[in-house]
Amino acid sequence: MPERSKGKIALEEHFYLPSFEAYGADGSALDGAGKAHNYDPKYFTFVQQRLGDVKLWLEDMDRCGIETMVLSLTQPGIQGIPDRAMAVETAKRMNDDLAKILAAHPDRFAGFAAVALQDVRAAGDELERAVSRLGFKGALINGYSNIGDMNTAQYLDEPPVWDFWARVEELGVPVYLHPRSPLLSQRRIYEGYPVLADSPWGFAAETAVHTLRLILSGLFDRFPRLRIILGHLGEGLPFFLPRVEHRLRHMSAELRGRQLKPVTLYLRENFYVTTAGHFRTQALIDTLLEIGPDRLLYSVDYPYETAQEQSDWFDSLPISDTDRRKIGRENALQLLRLGSPS
Ligand code: ZN
């Protein structure tokens, strides 16, 4: 085992509480927590045991040098509730339930709010309440939101959502763009291989395209102070974005997107990238070269990944101690405005 780096802060860490379904939300929408469909039963049991057990979280954190976990409702969460009123109500109550956990362990946990983009104004109001009253550090959004039914989606670059982004910029908090599987009606390419639509591949493909939509919509030109966090070492974008930029040059001017700058610049100026669920040193070095050590953040993707495996990898990475401290702790302290360094 490598020497443990202490005081790590992890940002893509998920919980689930039975109250989610008690509020009337359909638990089957919770791919990760509600129903075991694609998963190996042993793995699924392991994950389920850890999605709501604070004692297990603390044990894992202590063993692996993790001081603070920023908790968020597991995917697709509120985004998968097509009923507008129920989505708004459930988000509010889940945030209240999470706030109770944070209050019991203020030195170990922080929270990302759940917000219901099915009602843009309510989402802005709830984020403001969660940040100013409950002390949350931002929001985590699981990709597109279902509105009305499971085959209708609203993506985050679409015009109604811009009012929400104005509120986010005003509040000065980051938004974590977390993956979810593609819309049910758009999975033809995965037919015969359904697991590929989920975390092995579909999560990254869906989230990378969603991110490109945000960039090409001109959102970051209108709201230049927005900060988006991507997991899984940037969902492939540090590797692919230079080619997107290269090829966009040859597209007709009116189809190249409304962004004012080269697309790779937005990744360096408006995005942070976490190590959640990624264990590949070569990919981390590529990400470091593309966006630099100030924009990388440690994360586990707990409990879908184990804190042990992620920490063993991270703590033995061939990077400088300065970069390990930045990625493991200092960048998160700054971005989330967490208490003074211990
Ligand atoms: Zn995750």
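User: What makes both faces of strand 7 count as covered?

Analyst: Happy to go through it, keeping in mind that this is a predicted model. On one side of strand 7 sit V175 and L177, on the other Y176 and H178, and all of them are buried. Buried means under 20% relative accessible area, so with buried residues on either side, both faces of strand 7 are covered.

User: How do you know that strand 7 pairs with strand 8?

Analyst: Two strands pair if there are at least two bridges between them. Strand 7 (residues 175-178) and strand 8 (residues 228-230) are joined by three bridges, so they qualify, and they run parallel. One place to look is Y176, whose bridge partner in strand 8 is I229.

User: And how many bridges join strand 4 to strand 7?

Analyst: Four bridges, again with the strands running parallel. Here N142 has H178 of strand 7 as its bridge partner.

User: What is the strand order in the open sheet?

Analyst: The order is 4-7-8-9-10, five strands with parallel pairing.

User: Why are strand 4 and strand 10 said to stand at the edges?

Analyst: Strand 4 (139-142) and strand 10 (296-297) each have a single partner strand, so one side of each is left without a neighbour in the sheet.

User: Why is strand 2 called largely enclosed?

Analyst: Strand 2 covers residues 66-73, and seven of its eight residues are buried, so the rest of the structure largely encloses it. Its pairing is worth a look too: six bridges join strand 2 to strand 1 (residues 8-15), in parallel, and three bridges pair strand 2 with strand 3 (residues 109-111), also in the parallel sense. M69 takes part in both pairings, as the bridge partner of A10 and standing opposite F109 in strand 3.

User: Turning to the rings, how many aromatic pairs are there, and why is the pair of F220 and Y266 called tilted?

Analyst: The structure holds 13 aromatic pairs. For F220 and Y266, the ring centres lie 6.2 Å apart, and pairing asks for centres within 6.5 Å, so the two rings do pair. Their planes are at 40°, while stacked means under 30 degrees and edge-to-face over 60, so this pair is tilted.

User: Why is that pair said to tie parts together?

Analyst: F220 belongs to helix 8 (residues 219-222) and Y266 to helix 11 (residues 263-270), so the pair links parts that are 46 residues apart in sequence. Both F220 and Y266 are buried. Elsewhere, ring pairs link Y39, Y43 and F44 into a cluster.

User: How do you know that K261 lies over the face of Y266?

Analyst: The distance from the ring centre is 5.1 Å.

User: What makes the radius of gyration agree with a compact globule?

Analyst: For 342 residues, a compact globule would have a radius of gyration near 20 Å, and the chain has 19 Å, which agrees. The C-alpha trace spans about 55 × 50 × 45 Å along its principal axes, and buried residues make up 55% of the chain. Of the contacts with a separation of 6 or more, 77% come from residues 24 or more positions apart.

Terms used: Residues numbered from 1 in each chain as written. Predicted model: local features only at pLDDT ≥ 70, side-chain atom pairs only at ≥ 80, totals over all residues. Heavy atoms only, no water. Phe/Tyr/Trp six-rings, centres within 6.5 Å; stacked < 30°, edge-to-face > 60°. Helix = DSSP H or I, 4+ residues; strand = E, 2+ residues; numbered from the N terminus. Buried < 20%, exposed > 50% of the residue type's maximum accessible area, 1.4 Å probe, protein only. Lys NZ or Arg CZ within 6 Å of the ring centre and 35° of its normal. Rg over C-alpha atoms; globule rule 2.2 N^0.38 Å. Contact = heavy atoms within 4.5 Å.
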